[in-house]
Amino acid sequence: MTFGEQPAYLRVASDLREKIVNGSLPPHTRLPSQARIRQEYGVSDTVALEARKVLMAEGLVEGRSGSGTYVRERPVPRKVARSGFRPPSGANPFRQEQAADGVRGTWESSTEQEGAGPEIADRLGIRCGDRVMRTRYLFRDAGEAMMLSTSWEPLEVTGRTPVMLPEEGPLGGCGVVERMAAIDIVVDNVVEEVGARPGLAEELLALGGVPGHVVMVLERTYYASGRAVETADIVVPADRYRIAYHLPVK
């Protein structure tokens with residue numbers, strides 16, 4: 001194989017992908033059978049099978065039990081706005097962004113105490129095993145699951161205060177900045193790192209994805225005078241959403 005030449009299965013997958021993208025193979029059309037791919041492209045059964053696996057891993061096709069493999073409907077990506085850490089309305093960013101779009105979003109949450117694992121302890125600057133309040137969210141947009149979020153707050157900061165439970169009390173459901181301000185902690189910085197990876201099985205089940213789908217992961221941490229007061233992992237389906245940042249220029 002010469003330098004730059006693709007393996008046969010990738011060349012077949014690339015051609016089929018192009019047909020899906022340009023509409024030659026529209027949504028809900030059955031993908032050519034393995035035998036037809038073998039005949040049309042002059043490749044082996046193994047190459048034909050691997051090409052189909054590539055398209056399935058990319059989320060372009062899906063298998064239907066007892067029926068075959070079909071082209072999936074391609075969603076039009078929608079934006080998840082990130083507008084900084086201090087919403088003027090006092091609501092948390094999700095509530096603010098939903099209101100701005102004229103859409104009534106909903107969410108489910110559950111909160112419990114746990115000991116911080118090594119990664120979370122490192123992100124919060126605390127000792128492994130120190131108690132944190134973990135809150136898990138499932139956000140919906142017009143009924144469709146769109147985002148997962150898991151946040152951790154050190155109880156040495158919020159413990160025995162009115163904001164110990166993020167979704168309860170007088171400031172329940174407000175953003176981190178406003179809740180921390182209520183206990184005289186001024187959040188002055190936030191860091192978000194954006195990455196991508198294959199979705200975990202439980203994430204894709206909650207978000208309506210299929211095995212192999214890629215998710216975007218935002219690792220977010222709020223700081224007050226250099227001290228981390230909250231950290232979170234936010235998971236968004238990469239095929240359905242784009243993350244748009246609107247940041248003030250100082």
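Guide: Welcome! Two strands pair if DSSP finds at least two bridges between them. Strands themselves are DSSP runs (E, at least two residues), numbered from the N terminus. This is a predicted model, in which local features need pLDDT of at least 70. Residues are numbered from 1 along each chain as its sequence is written.

Visitor: What is the order of the strands in the open sheet?

Guide: Six strands with antiparallel pairing follow the order β4-β5-β6-β9-β8-β7. At the edges are β4 (106-115) and β7, each of which pairs on one side only.

Visitor: How many bridges join β7 to β8?

Guide: Strand β7 (residues 189-198) and β8 run antiparallel and are joined by 10 bridges. Glu 192 stands opposite Arg 220, while Pro 198 has Val 214 as its bridge partner.

Visitor: And which strand forms a hairpin with β8?

Guide: That is β9, with two residues between the strands. In the turn, Ser 225 has a positive phi of about 55°. Strand β9 (residues 227-237) pairs with β8 in the antiparallel sense over 10 bridges, and Val 236 in β9 is the bridge partner of Met 216.

Visitor: Is β8 mostly covered or mostly open?

Guide: We call a residue buried under 20% relative accessible area, exposed over 50%, and partly exposed in between (1.4 Å probe, protein chains only). In strand β8 (residues 214-224), eight of the 11 residues are buried, so the strand is mostly covered.

Visitor: Then is Leu 247 buried or exposed?

Guide: Leu 247 counts as exposed because its relative accessible area is 55%. You will find Leu 247 in the segment after β10 (241-245).

Key
Predicted model: local features only at pLDDT ≥ 70, side-chain atom pairs only at ≥ 80, totals over all residues. Heavy atoms only, no water. Helix = DSSP H or I, 4+ residues; strand = E, 2+ residues; numbered from the N terminus.
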